[in-house]
Amino acid sequence: MLCVVRVVSTSQLPIDLVGQVTAALPGTIVEVPPVGHVGLAGVDLRDADALVCLLLDKIDAKLLASAPKLRVVANCAVGVDNIDLAAAAAAGVTVTNTPDVLTEATAELAFTLMLAAARRLGEGERLVRSGAWTGWALDQLLGVQLHGKTAGIIGFGRIGQAFARRALGFGMRVIYAGPHEVSAEGTERVSIDEVFARADAVSLHCPLTPETRHVVNAARLATMKPTAIVVNTARGDCVDEPALIDALTAGRLAGAGLDVFVGEPKIDPRLLSCPRLVLAPHIGSATTEARTSMAQLCADAVIAVLSGRRPPNVVTRTA
Ligand code: DGY
């Protein structure tokens, strides 16, 4: 019996997945939605061999059971908290992600949010657009200077280190908390609590795990300087949002920048009216360069697994 190989993507991609897969593996059927993201409800996985998905797609044991032929899930994101890795391992499904290619883009966005929060850019932009700006004033929208201050980084992997390079270039000191000592000149490894107590700007660059859920919480916020800033481009659940809202509203924190939210795209309405808060719609890796390379890594992973090779960037792989 002729066995047809099927590759399914839950989203349109900025590369020619159909062309690349069929060139490498002639006869393979590749299904890519014509526009946007159709999600798992929009694809038929019953006889799919490979799945390209986004961080929006929840890959759990039930989903995997409905796809008995599946050999690879190529997640077009570096974070894999949307995937039950144990269930994938048990099902013999290889999971890949897209590290490295989004490192600089994500660090740039985190840095953007830090600068925007420090200099109250959101408030300034709203003031100018409102037509209510009456002109230059000595005490208008005073922010905090970052030069000479301390950047605190939670999670010192690729993106955390890329953020640190930028901070050092801006004349900041860098302290970080992470599972490993990293030899990076001008940086100091300290405990998580020490990062919050000492830093003038804390930026999260950790994966979402049970340990990092609510790594920003009321207790740690209470130890921060009132002139400090919190930035989150990691995952929404790393921050206890009500605790952050309370700290900002009470003026116990100078500002925050959030790119990710608990339960996004729904946003706690209190965040929308919260003072000193800069908001972005989960665009950490949203550059043409990063997103194209991320999609390319997914194509490479699918082709590798279907060709019997070990793909790059395996997160979990069973024998
Ligand atoms: C990721 O890759 O995990 C980001 O959140 C989106 O690029």
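What you see is a predicted model, in which local features need pLDDT of at least 70, side-chain atom pairs count only at pLDDT 80 or more, and totals for chains, interfaces and linings use all residues. Residues are numbered from 1 along each chain as its sequence is written, and side-chain values use heavy atoms, with hydrogens and water left out.

Let's start with strand 1, residues 6-9. (Strands are DSSP runs of E with at least two residues, helices are runs of H or I with at least four, and both are numbered from the N terminus.) Arg6 and Val8 sit on one side of strand 1, Val7 and Ser9 on the other, and all of them are buried, so both faces are covered. Here, buried means under 20% relative accessible area, exposed means over 50%, and partly exposed is in between, using a 1.4 Å probe and protein chains only.

Who are the neighbours of strand 1? Strand 2 (residues 29-31) runs parallel to strand 1, and three bridges join them; two strands count as paired if DSSP finds at least two bridges between them. Arginine 6 has isoleucine 29 as its bridge partner in strand 2. To get from strand 1 to strand 2, the chain passes through helix 1 (residues 17-24) in a right-handed β-α-β crossover. Right-handed is about direction: with the strands pointing away from you, the path from the first strand over the helix to the second runs clockwise. Strand 1 also pairs with strand 3 (residues 50-53), again in the parallel sense and over three bridges. This time valine 8 has leucine 51 as its bridge partner.

Now hop along to strand 7, residues 173-177. Four of its five residues are buried, so strand 7 is largely enclosed by the rest of the structure. Five bridges tie strand 7 to strand 6 (residues 150-154), and the two run parallel. Together with helix 6 (residues 158-169), strands 6 and 7 make a right-handed β-α-β unit. Strand 7 also runs parallel to strand 8 (residues 187-189), joined by three bridges, and isoleucine 175 stands opposite glutamate 188 there.

Next up is the ligand. Which residues surround the ligand? They are Leu55, Ala77, Val78, Gly79, Leu102, Arg235, His282, Ser285 and Met294, each with a heavy atom within 4 Å of it. By class, that shell has five nonpolar, three polar and one charged residues. (Ala, Val, Leu, Ile, Met, Phe, Trp, Tyr, Cys and Pro count as nonpolar, Asp, Glu, Lys and Arg as charged, and the others, Gly among them, as polar.) A backbone N or O atom of valine 78 lies 2.7 Å from a ligand oxygen atom. A polar side-chain atom of arginine 235 lies 2.7 Å from an oxygen atom of the ligand, and an N or O atom in the side chain of histidine 282 is also 2.7 Å from a ligand oxygen. Taken alone the ligand exposes 230 Å², and the protein buries 91% of that, with areas from the Shrake-Rupley method and a 1.4 Å probe.

Glutamate 264 and proline 265 are joined by a cis peptide bond, with omega about 10°; proline 265 is in the loop between strand 11 (255-258) and helix 10 (269-272). Arginine 276 is not a glycine, yet its phi is positive, about 60°. At 30% relative accessibility, arginine 276 counts as partly exposed.

How values were computed: Polar contact = N/O pair within 3.5 Å; in protein donor to acceptor, adjacent residues only side chain to side chain.
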